[in-house]
Amino acid sequence: MNAMKSLPKSAAEVFLDVAETVTPEVATLDAEGRSRMIGIVDAALMDRDSGTRQQIGTFLKLIRFAPVLRYGRTFDRLGPERRVAVLRWFQDGPVGLFRQGFWGLKAMVFMGYYGRPEARAEVGYAPEFDGRGGLGRA
Amino acid sequence: MRERDFDVVIVGSGAAGGTLAKELAPLVEAGKRIAVLEWGPRLADDAYTGHEVEMAKQLYFDSGGVLTRDRTMTLAYGRAYGGSTVVYTGTSLVMPREVVERWDVPGIVHDDLQRRSAKVLEENNVHLLDESKINENNLLFRAGCTKLGYRCRQFPINVKGCRASSLCNLGCPNGAKQGTHKVQLPVAEAAGVEVVTNCRVTRVDEEGCDAVVADPGFGLPSAWEPGTYRVTARVVVVAGGAVNSTALLLRSGFGDHLPVLGRYLTLHPALILVGEHPREITNDHGHPKSFYCDDFVESERFLLETCMYFPFTTAKNLIGFGAEHSELMRAFPRLQMILVLAIDPALSSNRIELNGDGEPVVDYTMTPAVLDSLHRSMVESSRIFFAAGARRVHAPAGSSFFINAEDAHRVDEMIPRANVVPGRMSVTSAHLMGGCRMGRGAGDSVTDGWGRVHGTTRLFVGDSSLFPQCSEVNPYVTVMALADRTAEFIRDNAGELLTS
């Protein structure tokens, strides 16, 4: 577990659990990759005001405990399918605030994962400063 | 607080600020002092790395993710020496006559805007890219449109020596895009206009403005030491973009006698659609935006454009998460993208306000008609993808994550209107217009047709916040044409305006 300056330890742990559900490849990152991902998210959150960080922390706490009502377990103790179901409820559910909160959280995961420089090669995105030679590549 | 004195202060250095700086620069020879105060940094040529997160942080407000009040849209606008012209794709369209007529602003006529726009196009080296330099992501859009009988036009773009990096929206790493940071500002500086970066203007009045210079931790140092400044001036032109110009005037108390200030904001709400082809296509080399389809502007109020975004931006704009999302992301070399833009009405209720800290908050609600437009645009874009040979399509309001080619004949039912709900789709805007609209008087607008704020003699607005309604095309050429007009007024009346 890499420490985050922007979130308390418990919130950071939920964030990583959410990240592995949103982008399953997060679970396969090595220590360096995970550290880079967390570093990107952490830096972005540190640029936000403390109120916003607090809201994110509260939302992560909500994700952690919401499944207790349905499954009798916290998010971190659920299997992959139930984790997906919980996050789908946040994404598609009737509460606008939850939908928007989840959208923001998801965006942070994507920023951390796809913002890593090596993610470009992993998805096959390979722009070049001089791309003229590659125009007829495919 | 340190003090500075100028004859003209221009707040912002983007399409409007850069144009004003260049067009007013001849006054320097007559002994006048002109400053451009830009909130963002000036980056060295080798600082354009093409890395998405890094460049977004350095060149956009909130990394391009400013949220509206209800968090259903994100807004992307630039903050740099050159403003948003550093990060646009350089597509250069002249506003149609019928839109100018709809604006109905005294003094603003199509022939005059057309003449000024032509000057902008020439100055910025606007031309059609040679066919050999257009990539498959774009050519497939044209092929799809052609097959369906839709009108497809090529975007004129403002590049010089384009090397096909495809990284326009992260700032061209080759300096090819002819934004104000490459064309107008260097001319102005050579003539003696002072450009001060990392300088945020906090309040404005008819005698000048208050500003704060702070080091953001990247970019070249500002010409002024960090600190607070009182800058006096005979003429002030606010050109910080729709959100920040409006917020500046609100913060400075102009809302007290201008009830329209902040209102009638339009955004061209936009969505990204993705089509996956059975083979790899060229999409990450070449200019990202070569064609558009305006066949549906009058009938359904939307515009379709080619586009190509970077991994994080793409991931963020897809709906859903998990295995399917990852699968689509890993198909990146096979992806074709279309950007749809809704032509939104100017409503008094869509507005920019200030929060308790004096920071801008954008309060914008998509009307049912706009949601209808976005819905129809997704259906038509899906048809274009399939007509171009895509094996499946991801539409933000699709009833399933993928719509497969065998279902192409029923895209209407696969993209139900009921799914087009704010907050469920990633809706963005990079065309922010209105807030300081031009018009007849303080009852219906903020400025007159020259951009002069009602009730003042020496305070002007010079950017897209002036638009009384949306431009229905990419707005930067119109912004420059209007700024050219305002500069002409100031030059012609310099004797009166620039006298203490």
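**View 1. The largest nonpolar core of this predicted model has 205 residues.** Welcome to the inside of the structure, which is a predicted model. The residues with the most contacts inside this core are B:V9, B:V11, B:A21, B:L273 and B:V340. The largest share of the core comes from α5(A), which supplies 10 residues.

**View 2. A look around B:V9, one of the core residues with the most contacts.** Which residues does B:V9 touch, once its neighbours within four places in sequence are left aside? They are B:A35, B:L37, B:G208, B:C209, B:V231, B:A233 and B:V236.

**View 3. Here chain A meets chain B, with 35 residues from chain A and 38 residues from chain B in the contact.** On the side of chain A that touches chain B, the elements giving two or more residues are α1 (9–22), α2 (31–46), α4 (80–92), α5 (96–114) and α6 (117–123). Of these, α5(A) gives the most, with 8 residues. Sorted by class, this side of chain A has 19 nonpolar, 8 polar and 8 charged residues.

**View 4. Chain A can also be viewed through its confidence scores, with an average pLDDT of 93.** In this chain, 97% of the residues score at least 70. Among its elements, α1(A) has the highest mean pLDDT (96) and α5(A) the lowest (93).

**View 5. B:I319 sits in the loop between α10 (311–317) and α11 (323–329) of chain B.** Leaving aside neighbours within four places in sequence, B:I319 is in contact with B:P396 and B:M425. For a sense of distance, take B:G356, which is 37 residues from B:I319 along the chain: their C-alpha atoms are separated by 33 Å.

**View 6. B:S166 has a positive phi, near 70°, in a residue other than glycine.** You will find B:S166 in the loop between β7 (156–157) and α7 (184–190) of chain B. B:S166 counts as buried because it has 30 C-beta neighbours inside 10 Å.

**View 7. B:E472 is not a glycine, yet its phi is positive, at about 65°.** Where is B:E472 found? This residue belongs to the loop between β21 (459–461) and α14 (476–492) of chain B. With 24 C-beta neighbours inside 10 Å, B:E472 counts as buried.

Terms used
Residues numbered from 1 in each chain as written. Chains lettered and ligands numbered in written order. Predicted model: local features only at pLDDT ≥ 70, side-chain atom pairs only at ≥ 80, totals over all residues. Helix = DSSP H or I, 4+ residues; strand = E, 2+ residues; numbered from the N terminus. Buried ≥ 20, exposed ≤ 12 C-beta atoms within 10 Å, placed from the backbone. Contact = placed C-beta atoms within 7 Å. Nonpolar A, V, L, I, M, F, W, Y, C, P; charged D, E, K, R; others polar. Core = buried A, V, L, I, M, F, W, Y, C linked by C-beta atoms within 7 Å. pLDDT = per-residue confidence, 0-100.
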